[in-house]
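Student: Can you walk me through this one? I want the fold, then the contacts.

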Amino acid sequence: MDPLTDSERDALSRRLAARREELREEVQTQLAKSEDPRVAGFANELAATEDWVLADILADMDIAMVTRDIAELGDVEAALDRVASGSYGTCSNCGEPIGWPRLNAQPIAQRCIRCQEAFEASHGKQGPPTL
Ligand SMILES: [Zn+2]
C-alpha cells in the first residue's frame, strides 16, 4: 500500500476536523437538553473550552444518549493527534501505510485492513458465534 500524499493527508485532516466540530455540537446539544442540571451545566462548560477531557468528567453522569458520539469523538481526536505527530496513515500495529482507499472510507482507522481483521478476529467483535 502506498503512503498518503500530502494532499491526501490534508484532505483527511480537514474532514476529521470538520467531524470533530460536528460531534462536539451534537454532544453539547444533547447534554444541554438533559434533565440533570449537572449535565446541562457541563454542556455550557464544554462550549467554553477547547480541551475536552470527556471520558473522565462524564464518567459518573447519565450520558447514555451521547456515549457513542463521545466514543467517536475520542477516535477523531486521536486521529488528529496522529496527524499532528506525523504518524497518521501508518498502521499502529505493523507500521505499514494504511493506504488511501481505507482511510478515505474510514479516516479514523489506525490499523491497516489486515491488522484490523486480525484484531477483530482475536477480539471476537461481530464475529460468528462460537457455539
Ligand atoms: Zn497493519
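Student: What are the ground rules?

Tutor: This is a predicted model: local features need pLDDT of at least 70, side-chain atom pairs count only at pLDDT 80 or more, and totals for chains, interfaces and linings use all residues. Numbering runs from 1 along each chain as its sequence is written.

Student: How many helices and strands does the protein chain have?

Tutor: Six helices and zero strands. Along the sequence the pattern reads α-α-α-α-α-α. Helices (H or I, at least four residues) and strands (E, at least two) are DSSP runs, numbered from the N terminus.

Student: How much of the protein chain is buried?

Tutor: Buried residues make up 18% of its 131 residues. A residue is buried if 20 or more other C-beta atoms lie within 10 Å of its own, exposed if 12 or fewer, and partly exposed in between; the C-beta atoms are placed from the backbone.

Student: OK, H1. How many residues does it have?

Tutor: H1 covers residues 6-32, which is 27 residues. From first C-alpha to last it reaches 39 Å, close to the 39 Å expected at 1.5 Å a residue. The expected span is 1.5 Å times one less than the number of residues.

Student: Which residues of H1 are buried?

Tutor: Leu12, Leu16, Leu23, Val27 and Leu31. They pack against helix H2 (37-47), helix H4 (67-85) and helix H5 (100-105).

Student: At what angle do the axes of H1 and H4 cross?

Tutor: Roughly 150°, and the axes come within 9 Å. So H1 is roughly antiparallel to H4. Axes are lines fitted to C-alpha atoms, for helices over the stretch in contact, and angles run from 0 to 180 degrees between N-to-C directions. Under 35 degrees counts as roughly parallel, over 145 as roughly antiparallel, 65 to 115 as roughly perpendicular and the rest as oblique.

Student: Is that crossing left-handed or right-handed?

Tutor: H1 passes H4 in a left-handed crossing. That term applies if the near helix is turned anticlockwise from the far one by less than a right angle; clockwise makes it right-handed.

Student: Which residues meet there, in H1 and H4?

Tutor: On the H1 side they include Leu16, Arg20, Leu23 and Val27. On the H4 side, Ile70, Leu73, Val76 and Glu77 are among them. By class, the residues of this contact divide into ten nonpolar, one polar and eight charged. Nonpolar means Ala, Val, Leu, Ile, Met, Phe, Trp, Tyr, Cys and Pro; charged means Asp, Glu, Lys and Arg; the others, Gly among them, are polar.

Student: Now H1 and H2. How do their axes cross?

Tutor: They come within 7 Å and cross at roughly 150°. That makes H1 roughly antiparallel to H2. The crossing is left-handed. Gln28, Leu31 and Ala32 in H1 meet Val39, Ala40, Phe42, Ala43, Leu46 and Ala47 in H2. The classes here are eight nonpolar, one polar and no charged residues.

Student: What does Ala32 touch?

Tutor: Ala40 and Ala43, not counting residues up to four places away in sequence. Ala32 counts as partly exposed because it has 15 C-beta neighbours inside 10 Å.

Student: Switching to the loop between H4 and H5. Is Gly89 buried or exposed?

Tutor: Gly89 is buried, because 25 other C-beta atoms lie within 10 Å. Gly89 lies in that loop between H4 and H5. Leaving aside neighbours within four places in sequence, its contacts are Pro3, Leu4, Arg9, Pro97, Ile98 and Leu103.

Student: And where is Pro97?

Tutor: Pro97 is also in the loop between H4 and H5. With 15 C-beta neighbours inside 10 Å, Pro97 counts as partly exposed. Its C-alpha is separated by 7.6 Å from that of Leu4, 93 residues apart along the chain.

Note on methods: Contact = placed C-beta atoms within 7 Å.
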